[in-house]
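Look at the structure first, then read on.

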Amino acid sequence: MDSSHGGEGDAAEWKKVAELRAVVEAQDPAAKEEDDFALRRFLRARDHNICKASAMLLKYLAWKRVAKPRGTITDEEVRDEIAKGRVNMQGFDRLGRPMAYLYGARHFPAPRELDDFKRYVAYLLDKICTRLPVGQEKFAAVIDMKGWGYANCDIRGYVAALEIMQSYYPERLGRVFMIHVPYMFMAAWKIVYPFIDEKTKKKFVFVTNKDLDAMLRDAIDESQLLEEYGGKLKL
């Protein structure tokens with residue numbers, strides 16, 4: 001399903017989107033269900049290289065059939081993960097991007113397979129994308145690591161979440177503020193860092209405690225900032 005393009009993007013870019021669509025639809029007709037803005041995100045994620053973007057999109061379509069055979073992941077399918085209270089989605093930043101707040105100390109590694117956690121990550125990304133206002137394609141996040149300890153460390157989980165976001169939800173992440181980060185987390189971060197692509201690396205901002213209030217207020221109006229961070233938005 002094609003979208004009307006409005007004035008966004010230039011003619012040359014939309015021409016490449018059309019080329020990408022032709023290449024991918026010839027190999028997987030399911031691409032017809034993706035709108036032009038989705039194709040543009042894959043194109044931009046691969047620096048407008050149609051060969052690389054088509055490979056990325058085909059991989060996404062194959063993943064989608066397995067991960068979301070009914071098109072969506074329901075609350076019921078991830079009920080146990082939701083109950084852990086790791087994520088809160090409320091408010092918007094000053095750029096109109098929906099906000100997600102993630103609490104690192106509420107996450108613990110899965111004892112065995114990561115399937116439930118991966119399904120939950122896709123569910124969360126779908127959920128925040130439904131909150132995107134018209135004309136906005138990106139979301140922003142605060143990852144609060146207060147209370148994080150070695151028991152919370154989950155390299156496999158972090159890498160799996162990054163892989164899903166980078167491979168299947170390209171150009172969706174706008175900015176991530178990492179706050180209350182304990183020094184020992186940096187050892188885990190060094191292991192995870194090489195798995196983050198160059199564009200995504202630039203979107204992570206580590207905020208010191210002394211800069212926290214000013215940084216959050218600069219990015220988020222107090223009416224849209226959660227009370228626990230000095231704003232007026234109630235949980």
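**Strands and rings**

Q: In the hairpin of E1 and E2, which residue takes a positive phi?
A: The model is predicted. The hairpin of E1 and E2 has 5 residues between the strands. A phi near 80° is found there, at Gly96.

Q: In which sense do E1 and E2 pair?
A: E1 covers residues 87-92. Met89 stands opposite Ala100 in E2. E1 and E2 pair over 4 bridges, and the sense is antiparallel.

Q: What is the bridge partner of Leu102 in E3?
A: Strand E3 spans residues 139-144. E2 and E3 pair in the parallel sense over 5 bridges. In E3, the partner of Leu102 is Ile143.

Q: Through which helix does the chain cross from E2 to E3?
A: The path from E2 to E3 is a β-α-β crossover, and this crossover is right-handed. Its helix covers residues 115-129 and is H5.

Q: How many residues of strand E2 are buried?
A: Strand E2 runs over residues 98-103. The strand is mostly covered. Of its 6 residues, the buried ones number 5.

Q: How many residues apart in sequence are the parts that the pair of Trp14 and Phe37 ties together?
A: The structure holds 15 aromatic pairs. Trp14 and Phe37 form one that is edge-to-face, at 5.4 Å centre to centre and 90° between the planes. Trp14 lies in helix H1 and Phe37 in helix H2, so the pair ties together parts whose separation in sequence is 23 residues.

Q: Over the face of which residue does Arg106 lie?
A: Arg106 is at 4.2 Å from the ring centre. The ring belongs to Tyr103.

Terms used
Residues are numbered from 1 along each chain as its sequence is written. This is a predicted model: local features need pLDDT of at least 70, side-chain atom pairs count only at pLDDT 80 or more; totals for chains, interfaces and linings use all residues. Side-chain values use heavy atoms; hydrogens and water are left out. Buried means under 20% relative accessible area, exposed over 50%, partly exposed in between (1.4 Å probe, protein chains only). Helices (H or I, at least four residues) and strands (E, at least two) are DSSP runs, numbered from the N terminus. Two strands pair if DSSP finds at least two bridges between them. A crossover is right-handed if, with the strands pointing away from the viewer, the path from the first strand over the helix to the second runs clockwise. Rings of Phe, Tyr and Trp (its six-membered ring) pair if their centres lie within 6.5 Å; planes under 30 degrees apart count as stacked, over 60 as edge-to-face and the rest as tilted. A charge sits over a ring if NZ of Lys or CZ of Arg is within 6 Å of the ring centre and within 35 degrees of the ring normal.
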